[in-house]
Amino acid sequence: FGHDEYMYQVLKHNGCTIPEEGLAMIRFHSFYPWHDGRAYTQFEAPEDAEKLKWVKEFNKFDLYSKGDELPDVEALKPYYQSLLEKYGLGGKLKW
């Protein structure tokens, strides 16, 4: 697995309640041949058109969004903890 597929599998295994479109963004955002080059379309299911839309939307914000300055982890912790709890991941994860 690549890191995207691994994260997707961990979230699914732990009962994450992120909607399928969000999980597709995590799973496929680095799969440029599919979402950018439109390769492998012969393997698409009808519902993949909706996933593709969300993956392309996510990529607008993912690319080059890293900064040089280190984030204040303690200041960010409450925000991310609330997201973990919202989507059913508030406790320890099974890796």
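This is a predicted model: local features need pLDDT of at least 70, side-chain atom pairs count only at pLDDT 80 or more; totals for chains, interfaces and linings use all residues.

I began with Asp48, which is buried because its relative accessible area is 15%, where buried means under 20%, exposed over 50% and partly exposed in between (1.4 Å probe, protein chains only). Asp48 forms a salt bridge with Lys51, and the closest N and O atoms are 3.7 Å apart. For a salt bridge I ask for a side-chain nitrogen of Lys or Arg within 4 Å of a carboxyl oxygen of Asp or Glu. Lys51 counts as partly exposed, at 24% relative accessibility. Both residues lie in helix H4, 3 residues apart, about one turn of the helix. My helices (H or I, at least four residues) and strands (E, at least two) are DSSP runs, numbered from the N terminus.

Residues are numbered from 1 along each chain as its sequence is written, and side-chain values use heavy atoms, with hydrogens and water left out.

**Other salt bridges**

How many salt bridges does a search of the whole structure find? I got 7. One of them joins the side chains of Lys12 and Glu20 at 3.0 Å, N to O. Lys12 is partly exposed, with a relative accessible area of 39%, and Glu20 is partly exposed with 40%. I also looked up Glu44 and Arg38, whose side chains meet in a salt bridge at 2.9 Å, N to O. Glu44 is partly exposed at 27% relative accessibility, and Arg38 is partly exposed at 34%.

**Helices and core**

I counted 5 helices and 0 strands, and the pattern along the sequence reads α-α-α-α-α. Next I turned to helix H2 (residues 20–28), where Gly22, Leu23, Ala24 and Met25 are buried. The buried residues of H2 pack against H1 and helix H4 (48–62); contact here means heavy atoms within 4.5 Å.

Which residues make up the largest nonpolar core? I found 5 residues in all: Tyr8, Leu11, Cys16, Leu23 and Leu89. Such a core is a set of buried Ala, Val, Leu, Ile, Met, Phe, Trp, Tyr and Cys residues joined through side-chain atoms within 4.5 Å. Leaving aside residues up to four places away in sequence, Tyr8 touches Leu23, Ile26 and Arg27.

**Surface patch**

Phe1, Tyr6 and Trp95 make a nonpolar surface patch of about 460 Å². The patch rule takes residues with over 30% relative accessible area and no salt bridge, joining like charges within 9 Å and nonpolar side chains (Val, Leu, Ile, Met, Phe, Trp, Tyr) within 5 Å. Areas come from the Shrake-Rupley method with a 1.4 Å probe; for residues, only the protein chains shown count as cover. Tyr6 is found in helix H1 (residues 3–13) and counts as partly exposed at 36% relative accessibility.

**Whole protein**

I noted that 21% of the 95 residues count as buried. The accessible surface comes to about 7,300 Å², of which 60% belongs to carbon and sulfur atoms. Last, the C-alpha atoms fill a box of roughly 45 × 35 × 20 Å, taken along the principal axes.
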